[in-house]
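Grab the model and work through these exercises one at a time. Try each task yourself before reading on to its solution.

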Amino acid sequence: MATITVVDPVSRIEGHMKITIEIDQGKITDAKVSGTLFRGFENILTGRVPDDAPLLTQRICGVCPVSHGIASTAAIEKVAGFTQSTNARVLRNLILGANFIQSHILHFYLLCAVDFAAGPASTPWTSAWNVDIRSGASSIMSHFGAAIDARRKAHEMGAIFAGKLPHVSSFVPGGVTADITSAKISSYQSLLNELKTFINNTYIPDVQTLANAYNDYYSVGVGPKNLMCFGVFDQSNGSKLFGSGYMAGGTGSAATLNTANITEHVTYSWYQSASPANPASGTTTAQYPKTNAYSWLKAPRYSGSPVECGPLARMKISGRYTGGVSAMDRHMARAQEAKVVADALTTWLGEISSGTGYSSSYAQRTGSGEGLVEAPRGALGHWINIASNGTIGRYQVITPTCWNASPKDDSGVRGPIEQALIGTPITDAKRPIEALRVIHSFDPCLACAVHVMRPSGETLTVIQQGGLCG
Ligand code: NFE
C-alpha cells in the first residue's frame, strides 16, 4: 500500500521548501514540491526609480545577489541601449566568478556532504536517521573546515571589487564604480591561486570520491532532461564563456534561445489565475488560499516544457560535460564548472585596462528591457518596464529555482524536481534520505522572501536573513 511522506521543511537548502511524496513498493510514485514563502519583490519595485532595482533585487538572496545585480543593471541598460565598457565587463565577471565559486563550495560541503558521509559523533553532526551512509565517502568530511575557509576566501576575493559581499555596492546602471588599483589586482590574484588549489586538489577529487561510493546516483534523480542556459560571462570577443541555448531531452546540439518562448503558469500556484504569460507582460498578484494550488512558485515553461537549469545545463550546452542527467551528474558538472570559471578569472584579470569601469554619460530612458544572466543555480531573468514618468511600471523576475522547483503547469505536467523524484528508490519511508539527495543535487534556493503570509491574512514582515545564505 502506498504511503505519503511529508518533509517540511526540507533542510540544508536556502529558503523554505516542503515535499509531499507518495511511496509505493519502495519507490516514489508521486511528488509535490511546495515553495512556502511569498516573494513580493516585483511589487515592491513598482513605482520606484530604476536605480533602486539593482540594490533591492540583490536582497532577494544572500547567496546569489551578484547575479541579481547584473540581471537588473543589464535590463535597465537594455532600455537605454547602453553598451558596457571593457572594465565594467571584466569587473562584473570577476565579482560574479567569485560568487559562483563560493556558492558551489558552500553547496557541496555545507549543504550536501552530510547526505552521504558521516560527520563527527557529536552534536550537531550526529544523524537522527540511521540510513545508508557509505564509508567510501567518509574522507570528504575531513575537508569541511577547509571548505568553510575556501568559501570565505571566495567572498573576500569578490568583495575586492564589490565593496562588500553579500550584496554588491559597486553595481550601478552604467558600469561598476569600484576603484581599480594594482594592489587590488594582486590581492585578487593571490586569493584566486589559493582557490584554484582547493578546487583542483580537494573539491574535484572529493566529488569523484562521492561518485565512486554512490555511483548508483548516476541513474537516480533524472527529471525531464530539458536543459536551458541564458548565457553568462561576457568575453573580449563578444561571446560568452557559457553561451545561451536550449537542449531538449539533454542530448544533441543546443537550439538558439528565444525568451519569447517563456510562459509562466499559475494554476497550481497561489497567484491570481490568468493565461500563461511571458514575463515581459506577466504580473505577480497573490491569491491565498486557492483551490488546487500548492506553491508560491509559479511554473515557468520553455515552449510549454518543464526545464532544468544550473551548472549541468551550462556545462552540457557549452559541450564541456558529456555525461548524462542525474543527481550525480549535477555534482560532477558543478565541480568541473568551478574549475572552468576559476581558470577564466585569471584571463579576465589580465584584461583590466586603465581608467574606471563606470560611464557617467549613461542615461535611462522610457521603455522595456530584459536582463538575462546565469546565477550559480541557473538561468536568471529580470524584465523591466520604465514608465513615462521615469519610474518602474512593471518588474518581473524568474529565478533558477523557479524553473527547477516549479509545481505542475496548466497541463498538469510536473516541474523538474518533482519529475526527478519520481522513481527514486526509498529504503525507509519515514527517513527518505534518497529523496533529499535528489533535491539537494539541484541546489535549490527558495529564500528570497521578505513577507510571510499567514492563513489568517496577518502579514509578518521579516528581515532578509544571513545564515547560510549570507
Ligand atoms: Ni537564492 Fe539564486 C542562484 C538566483 S536561486 S540562490 O543561484 O537567482 O534560484
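**Exercise 1.** Are α4 and α8 roughly parallel or roughly antiparallel to each other?

*Solution.* Bear in mind that this is a predicted model. Start with the geometry: helix α4 (residues 86-116) packs on α8 at an angle of about 155 degrees, and their axes are 9 Å apart. Next, bring in the cut-off: angles over 145 degrees count as roughly antiparallel. So α4 and α8 are roughly antiparallel to each other. As for handedness, α4 and α8 make a left-handed crossing. Finally, sort the contact by class: α4 with α8 involves 14 nonpolar, five polar and three charged residues.

**Exercise 2.** Work out how α6 and α8 are oriented to each other.

*Solution.* First, find the two helices: α6 covers residues 182-213 and α8 covers residues 327-349. Their axes come within 10 Å and cross at roughly 160 degrees. With the cut-off of 145 degrees again, α6 and α8 are therefore roughly antiparallel to each other. Then look at the hand of the crossing, which is left-handed where α6 passes α8. Last, count the classes: the contact of α6 with α8 has 16 nonpolar residues, plus five polar and four charged ones.

**Exercise 3.** Which residues are the protein donors of the nickel atom of the ligand, and where do they lie?

*Solution.* Begin at the nickel atom: Cys61 and Cys445 each give their SG, at 2.1 to 2.2 Å from it. Now place them in the fold. Cys61 sits in the loop between α2 and α3 and Cys445 in strand β17, so this pair ties together parts that are 384 residues apart in sequence.

**Exercise 4.** What is the protein donor of the iron atom of the ligand?

*Solution.* Here Cys64 is the only one, with its SG at 2.3 Å from the iron atom. To place Cys64, look in the loop between α2 (52-58) and α3 (65-80).

**Exercise 5.** Describe the largest cavity and its lining.

*Solution.* Start with the count: the structure holds three cavities of 30 Å³ or more. The largest cavity has a volume of about 210 Å³. It is lined by 20 residues, and those closest to its centre are Arg39, Tyr271, Trp296, Leu297 and Cys402. Next, ask which elements contribute: β16 (392-398), α9 (400-404) and β17 (445-446) each give two or more residues to this lining. By class, the lining has ten nonpolar, six polar and four charged residues.

Note on methods
Residues are numbered from 1 along each chain as its sequence is written. This is a predicted model: local features need pLDDT of at least 70, side-chain atom pairs count only at pLDDT 80 or more; totals for chains, interfaces and linings use all residues. Side-chain values use heavy atoms; hydrogens and water are left out. Axes are lines fitted to C-alpha atoms, for helices over the stretch in contact, and angles run from 0 to 180 degrees between N-to-C directions. Helices (H or I, at least four residues) and strands (E, at least two) are DSSP runs, numbered from the N terminus. Angles under 35 degrees count as roughly parallel, over 145 as roughly antiparallel, 65 to 115 as roughly perpendicular and the rest as oblique. A crossing is left-handed if the near helix is turned anticlockwise from the far one by less than a right angle, and right-handed if clockwise. Ala, Val, Leu, Ile, Met, Phe, Trp, Tyr, Cys and Pro count as nonpolar, Asp, Glu, Lys and Arg as charged, and the others, Gly among them, as polar. Donors are N, O and S atoms within 2.8 Å of the metal (3.2 Å for Na, K and Ca); water is not among the atoms, so sites may look incomplete. On a 1 Å grid over the protein atoms alone, a cavity is a set of points where a 1.4 Å probe fits but cannot get out, and a pocket is an open set with protein on both sides within 12 Å along at least five of seven lines; lining residues have an atom within 4 Å of a point. Grid points are joined across faces, edges and corners, and a volume is the space filled by probe spheres set on the points.
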